[in-house]
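Welcome! Here is a short briefing to read alongside the sequence and the 3D view.

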Amino acid sequence: TVWDFRGKGPEGTRPLHLQAHQGVCTRLAFSPRKCVLASGSQDTSVLLWEPRGGDSPLRFAFLEDEVTALCWHPDHHTLVGADASGTVCGWEIA
């Protein structure tokens with residue numbers, strides 16, 4: 001569930017419900033420059049969302065195990081993720 005905190009905040013607004021993971025969402029990371037949200041789950045999936053553009057994921061990827069870390073690289077074009085088995089992956093986001 002995502003609320004827009006621009007202006008006076010979320011009071012009186014409707015939240016956006018993002019649903020696509022098959023397991024519990026374990027990590028979230030907003031891009032510091034773009035309105036893009038990355039989410040990771042127990043089901044090994046990593047999803048990219050543009051909350052202002054809708055409630056469907058833009059892209060997806062999978063790790064080997066439960067997602068334990070997500071972080072945007074300072075260049076704002078690369079997302080780095082890690083899982084419970086120690087696998088680390090990077091994805092270039094155009």
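On a 1 Å grid over the protein atoms alone, a pocket is an open set of points where a 1.4 Å probe fits, with protein on both sides within 12 Å along at least five of seven lines; a cavity is a set of such points from which the probe cannot get out, and lining residues have an atom within 4 Å of a point. Grid points are joined across faces, edges and corners, and a volume is the space filled by probe spheres set on the points. This is a predicted model, in which local features need pLDDT of at least 70 and side-chain atom pairs count only at pLDDT 80 or more, while totals for chains, interfaces and linings use all residues. Residues are numbered from 1 along each chain as its sequence is written, and side-chain values use heavy atoms, leaving out hydrogens and water.

**The largest pocket**

- The largest pocket has a volume of about 300 Å³.
- Its lining has 13 residues, and the closest to the pocket centre are Thr1, Leu18, Cys25, Leu28 and Leu37.
- Strand 1 (25-30) and strand 2 are the elements that each give two or more residues to this lining; strands (E, at least two residues) and helices (H or I, at least four) are DSSP runs numbered from the N terminus.
- Strand 1 gives the most, with four residues.
- The lining divides into nine nonpolar, four polar and no charged residues; here Ala, Val, Leu, Ile, Met, Phe, Trp, Tyr, Cys and Pro count as nonpolar, Asp, Glu, Lys and Arg as charged, and the others, Gly among them, as polar.

**The second largest pocket**

- The second largest pocket has a volume of about 230 Å³.
- Among the residues that line the second largest pocket are Trp3, Phe5, Arg14, Phe30 and Cys35.
- Its lining divides into eight nonpolar, no polar and four charged residues.

**Cysteines**

- A search of the whole structure finds zero disulfides (pairs of cysteine sulfur atoms within 2.5 Å).
- Cys35 is in no disulfide, and the nearest cysteine sulfur, that of Cys25, is 16 Å away.
- Cys89 is in no disulfide either, with the nearest cysteine sulfur, that of Cys71, 14 Å away.
- Cys35 counts as partly exposed because its relative accessibility is 26%; buried means under 20% relative accessible area, exposed over 50%, and partly exposed in between (1.4 Å probe, protein chains only).

**Thr44**

- Thr44 lies in the loop between strand 2 (37-41) and strand 3 (45-49).
- With a relative accessible area of 17%, Thr44 is buried.
- Not counting residues up to four places away in sequence, Thr44 touches Ala61, Phe62, Leu63, Glu64, Asp65, Glu66 and Val67, where contact means heavy atoms within 4.5 Å.
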